[in-house]
Amino acid sequence: MKTLLLRTIAGLLGVAVLGSCSAPRNVVYLHPLADLSLITKVAVMPFGNIAANQEAHQWVRQIVNHEVLAQGVFEAVEPWEVNRALIEKQIAVEAVPALSPEELSELGLELGAQAFLVGDVLQFERGRFGSLTAPEIGISLRLLDVETGIVIWSATASRSGVSFTDRLVGADGPDLTAATAE
């Protein structure tokens, strides 16, 4: 009887943990003809920002650039090199996804990149969950082929809430940087 009670409590606790976790929400697209092995270097472009935090796009771009390097799949063009090239060519950040294939190819050639990583910060703040705070983050990323402008890969991810463990011990969720890297 005691064993059955312990198993029941453990099972209910497991369901509570799974039900209360704020699992990240991810949606990913990969072009059916994409061959990512042909891409060795990407340029992480400045991001768009619709988040309330006016500096969120700068933070997230740096974190994404670091994650690209840390994953070891692609080499990344230094952000200052990307910025310099955009300024020299008088290209506004929001215009990058709308550039013609010729303009994209020229910019890619100058930067030595086969693809551009463009994105938007949808949300980037700390929200209140009862007496605790936790990150609320939403990011949309797209990998564009420099020669055609076609979206090779696209992903949208969000994270919100406080985990069961944080609730149990009364701790706030991770900081924005750690949550963004996740």
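The largest nonpolar core of this predicted model comprises 20 residues, among which Val64 and Val68 touch the most other members; such a core is a set of buried Ala, Val, Leu, Ile, Met, Phe, Trp, Tyr and Cys residues joined through side-chain atoms within 4.5 Å, where buried denotes under 20% relative accessible area, exposed over 50% and partly exposed the range in between, for a 1.4 Å probe and protein chains only. At least two residues of this core are supplied by each of strand 2, helix 2 (56-71), strand 5 and strand 6, the elements being DSSP runs numbered from the N terminus, with helices of type H or I and at least four residues, and strands of type E and at least two. When neighbours within four places in sequence are left aside, Val68 is in contact with Val42, Val44, Val73, Phe74, Ala76 and Leu117, a contact being heavy atoms within 4.5 Å. A second, separate core of 17 residues includes Val96, Leu111, Leu144 and Val146.

Local features of the predicted model are subject to a pLDDT of at least 70 and side-chain atom pairs to a pLDDT of 80 or more, whereas totals for chains, interfaces and linings use all residues. Residues are numbered from 1 along each chain as its sequence is written, and side-chain values use heavy atoms, with hydrogens and water left out.

The protein chain contains six helices and seven strands, arranged from the N terminus in the order α-β-β-β-α-β-α-α-β-β-β-α-α. Of its 182 residues, 36% are buried, and among contacts between residues at least 6 apart in sequence, 66% join residues at least 24 apart. The accessible surface, computed by the Shrake-Rupley method with a 1.4 Å probe, comes to about 10600 Å², with 59% belonging to carbon and sulfur atoms.

In helix 4 (residues 101-111), the buried residues are Leu104, Leu107, Gly108 and Leu111. These residues lie on the same side of helix 4 because they cover an arc of only 100 degrees around the axis, the arc being that of the directions from the helix axis to the C-beta atoms. Their cover includes strand 2 (41-44), strand 4 (75-77), helix 3 (79-88), strand 5 (115-129) and strand 6 (132-145), whereas the face of helix 4 turned away from the buried side carries the exposed residues Glu102 and Leu109. Just after helix 4, Gly112 adopts a positive phi of about 70 degrees.

Helix 4 also contributes three residues, the largest share, to the lining of the second largest pocket, and both helix 4 and strand 7 (151-160) supply at least two lining residues. A pocket is here an open set of points, on a 1 Å grid over the protein atoms alone, where a 1.4 Å probe fits and protein lies on both sides within 12 Å along at least five of seven lines, and lining residues have an atom within 4 Å of a point. The second largest pocket holds about 350 Å³ of space, and of its 18 lining residues, Ile39, Gln114, Asp145, Thr148 and Ile152 lie nearest its centre.

Gln90, in the loop between helix 3 and helix 4, has a positive phi near 55 degrees although it is not glycine, and is exposed, with a relative accessible area of 74%. Ile137, in strand 6, is buried, with a relative accessible area of 4%, and its C-alpha atom is separated by 8.0 Å from that of Val121, which is 16 residues away along the chain.

Terms used
Grid points are joined across faces, edges and corners, and a volume is the space filled by probe spheres set on the points.
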